[in-house]
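Here is a short report to read alongside the coordinates.

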Amino acid sequence: MIAKSPVEEFSGLTALVTGGGSGIGRAIAVRYAAGGGNVVVLGRRAEPLEQTAQMAREFGVTADFVTCDVRDADAVTAAVDGVVEQFGRIDALVNNAAGNFICPAEELSPNGWRAVVDIVLNGTFYGTRAAGRHMLEAGGGSILNVIASYAWHGHPGTVHSAAAKGGILAMTRTLASEWGARGVRVNCISPGPTETEGAGAALWPTEADRARVLGSVPAARFTTPEEVAESAAFLLDPRRAAYITGDVLSVDGGQWLGKAVYADSAAGSR
């Protein structure tokens with residue numbers, strides 16, 4: 001449950017959140033609204049997006065949604081341009097849309113590789129490129145990319161997702177260097193195992209898998225979308241995080257310090 005922020009750090013600002021129909025994306029969008037910011041959520045299905053927008057409106061802000069596939073560069077550009085036309089600005093972009101499944105690399109099909117890379121890496125670039133143009137013209141803005149710690153330490157069974165998120169990490173640091181002097185900050189947030197319906201079904205489908213994942217977290221618990229959203233709000237805040245760019249904030253209970261195996265079949269011990 002997200003409460004109204006006493007600070008209202010996003011008052012008068014506008015954010016676009018991809019993959020905003022559920023889980024972490026929904027929580028970040030609602031937290032932005034709780035901080036007084038207007039928000040638009042983007043995704044492929046209208047019903048959950050409208051639910052998120054309605055949750056955001058309860059904080060007295062303007063909230064809307066747009067249906068769009070992040071793999072369609074023209075559609076993403078049109079969606080971003082639409083946000084600017086509607087609100088007159090775009091101050092923050094959260095690239096949260098993702099796709100993932102556990103699969104040993106030797107069994108991963110070219111279509112499976114393309115599907116994940118296209119959503120995660122290409123979709124992030126399309127949104128960043130479109131929003132970045134407006135932010136650069138306006139003289140500032142914040143882009144936050146949702147990745148995972150296996151972007152830098154690797155993880156069995158996630159070669160497609162790890163490669164895509166590793167690409168996002170490189171893109172984040174490159175753009176932070178390229179756009180920093182022009183007022184646009186670009187950062188990553190790296191959530192750990194999060195209690196969402198989608199993550200559980202894909203990454204710890206059995207009780208044994210769940211126990212194995214939980215055992216890899218020094219904090220000895222899963223995180224929640226709302227907890228991740230609070231950290232995201234910090235990085236998006238144009239005052240508290242004004243001097244932070246090109247960085248990664250791990251919100252994973254210390255999981256990245258060790259090695260986790262989500263499923264026996266992906267461990268490579270055959």
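Arg31 and Glu230 form a salt bridge, with their closest N and O atoms 3.0 Å apart. Arg31 sits in helix H1 and Glu230 in helix H9, so the pair ties together parts that are 199 residues apart in sequence. This is a predicted model.

The two partners differ in cover. Arg31 is buried, at 6% relative accessibility. Glu230 is partly exposed, at 42%.

Side chains of opposite charge can pair when their charged atoms come close. The whole structure holds 12 salt bridges. Arg31 and Glu230 belong to a network of them that also links Glu9, Asp237, Arg239 and Arg240.

Within that network, Arg239 meets Asp237 at 3.8 Å, N to O. Arg239 is exposed, at 54% relative accessibility. Asp237 is buried, at 2%. Another salt bridge joins Arg57 and Glu50, at 3.0 Å, N to O. Arg57 is partly exposed, with a relative accessible area of 27%. Glu50 is partly exposed too, at 29%.

## Helix H9

Helix H9 covers residues 225–236. Its 12 residues should span 16 Å at 1.5 Å a residue, and the end C-alpha atoms are 16 Å apart, which agrees.

Which residues of H9 are buried? They are Pro225, Val228, Ala229, Ser231, Ala232, Ala233, Leu235 and Leu236. Their cover includes helix H1 (23–34) and strands E4 (92–95), E5 (141–146), E6 (184–191) and E7.

## Helix H3

Helix H3 runs over residues 73–87. It has 15 residues and reaches 21 Å from its first C-alpha to its last, close to the 21 Å expected.

Val76, Ala79, Val80, Val83, Val84 and Phe87 of H3 are buried. Seen down the helix axis, the buried residues fall within an arc of 135°, so they line one face of H3. They pack against strands E1 (14–18), E2 (38–43) and E3 (63–67), and against helix H4 (110–138). On the other side of H3, Asp74 and Glu85 are exposed.

## A nonpolar patch and a buried histidine

Trp152, Trp256 and Leu257 form a nonpolar patch on the surface. Together they have about 330 Å² of accessible area. Trp256 lies in the segment after strand E7 (248–251). Trp256 is partly exposed, with a relative accessible area of 38%.

His155 lies in the loop between helix H5 (150–153) and helix H6 (159–179). His155 is buried, with a relative accessible area of 10%. From His155 to Lys165 is 10 residues in sequence and 12 Å in space, C-alpha to C-alpha.

How values were computed:
Residues numbered from 1 in each chain as written. Predicted model: local features only at pLDDT ≥ 70, side-chain atom pairs only at ≥ 80, totals over all residues. Heavy atoms only, no water. Patch = residues over 30% accessible without salt bridge, like charges linked within 9 Å, V, L, I, M, F, W, Y side chains within 5 Å. Areas by Shrake-Rupley, 256 points an atom, 1.4 Å probe, with all protein chains shown as cover. Salt bridge = Lys/Arg side-chain N within 4 Å of Asp/Glu carboxyl O. Helix = DSSP H or I, 4+ residues; strand = E, 2+ residues; numbered from the N terminus. Buried < 20%, exposed > 50% of the residue type's maximum accessible area, 1.4 Å probe, protein only. Expected span 1.5 Å × (residues − 1). Arc of directions from axis to C-beta. Contact = heavy atoms within 4.5 Å.
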